[in-house]
Amino acid sequence: MATPVETTTSQPNYNTEFPLPDDVSNFFELGGGGIINFETKMSLEETMAFYRDSFGKLGYTEREPLTVTSDSDFSMVFDGHQSGR
């Protein structure tokens, strides 16, 4: 009789200091300059709200004139990181 094997799932350890939604897939960082790209099952509105909330809790401020959205993606800029970037 075979012994059942316990399996666990966990999110991969993405090499970023950015907060990430729980269901990230197809993650990659562009050029190491703090720009990341990934997919999530969250809607665009949910994902943008996630970042506004997450970065707001860290004391960052959205630079709203630079927020750009389309039907399938968005770009947001936040100020307040200790590095000044």
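Author: Let us begin with a term: two residues are in contact when heavy atoms of theirs lie within 4.5 Å. Please also keep in mind that this is a predicted model.

Reader: With that term in hand, which residues is glutamate 62 in contact with, leaving aside its neighbours within four places in sequence?

Author: Glutamate 62 is found in strand β3, and its neighbours within four places in sequence are left aside here. The residues that remain in contact with glutamate 62 are Arg52, Thr67, Met76, Val77 and Phe78.

Reader: Is glutamate 62 buried or exposed?

Author: The relative accessible area of glutamate 62 is 15%. A residue is called buried when this value is under 20%, and therefore glutamate 62 counts as buried.

Reader: What joins the side chains of glutamate 62 and arginine 52?

Author: In general terms, side chains of opposite charge can pair when their charged atoms come close. For glutamate 62 and arginine 52 the N to O distance is 2.7 Å, and a polar contact of 2.7 Å also joins these two side chains. The charged pairing between them is a salt bridge.

Reader: Why does the pair of glutamate 62 and arginine 52 tie together parts of the chain?

Author: The salt bridge has glutamate 62 on one side and arginine 52 on the other. Glutamate 62 lies in strand β3 (residues 61-62) while arginine 52 lies in helix α1 (residues 44-57), so the pair ties together parts that are 10 residues apart in sequence.

Reader: How many salt bridges does the structure hold?

Author: One of them joins glutamate 62 and arginine 52, and another joins the side chains of aspartate 53 and lysine 57, at 3.2 Å from N to O. Aspartate 79 also forms a salt bridge, with arginine 63, where the closest N and O atoms are 2.5 Å apart. The structure holds 3 salt bridges.

Reader: How many residues apart are aspartate 79 and arginine 63?

Author: These two residues form a salt bridge, and the pair links distant parts of the chain. Aspartate 79 is in strand β6, whereas arginine 63 is in the loop between β3 and β4 (68-69), and the two are 16 residues apart.

Reader: And where do aspartate 53 and lysine 57 lie?

Author: Aspartate 53 is partly exposed, with a relative accessible area of 41%, whereas lysine 57 is exposed, with a value of 67%. The two are 4 residues apart, which is about one turn of the helix, and both lie in helix α1.

Reader: Which residues does phenylalanine 78 touch, not counting residues up to four places away in sequence?

Author: Phenylalanine 78 has its place in strand β6 (residues 78-79), and it is buried, with a relative accessible area of 14%. Between phenylalanine 78 and arginine 52 there are 26 residues of separation in sequence, and 8.9 Å in space from C-alpha to C-alpha. Not counting residues up to four places away in sequence, phenylalanine 78 touches Tyr51, Arg52, Phe55, Tyr60, Thr61, Glu62 and Arg63.

Reader: Which residues make the nonpolar surface patch of about 270 Å²?

Author: One place to look is strand β1 (residues 25-30), where leucine 30 has its place. Leucine 30 is partly exposed, with a relative accessible area of 40%. The patch is made by Phe28, Leu30 and Ile35.

Reader: Finally, in what order do the elements of the protein run from the N terminus on?

Author: The protein has 85 residues, and buried residues make up 21% of them. Its secondary structure comes to 1 helix and 6 strands. From the N terminus on, the elements run β-β-α-β-β-β-β.

Conventions:
Residues are numbered from 1 along each chain as its sequence is written. This is a predicted model: local features need pLDDT of at least 70, side-chain atom pairs count only at pLDDT 80 or more; totals for chains, interfaces and linings use all residues. Side-chain values use heavy atoms; hydrogens and water are left out. Patches are made of residues with over 30% relative accessible area and no salt bridge: like charges are joined within 9 Å, nonpolar side chains (Val, Leu, Ile, Met, Phe, Trp, Tyr) within 5 Å. Accessible areas come from the Shrake-Rupley method with a 1.4 Å probe; for residues, only the protein chains shown count as cover. A salt bridge is a side-chain nitrogen of Lys or Arg within 4 Å of a carboxyl oxygen of Asp or Glu. Buried means under 20% relative accessible area, exposed over 50%, partly exposed in between (1.4 Å probe, protein chains only). A polar contact is a pair of N or O atoms within 3.5 Å; within protein, one must be able to donate a hydrogen and the other to accept it, and residues adjacent in sequence count only if both atoms are side-chain atoms.
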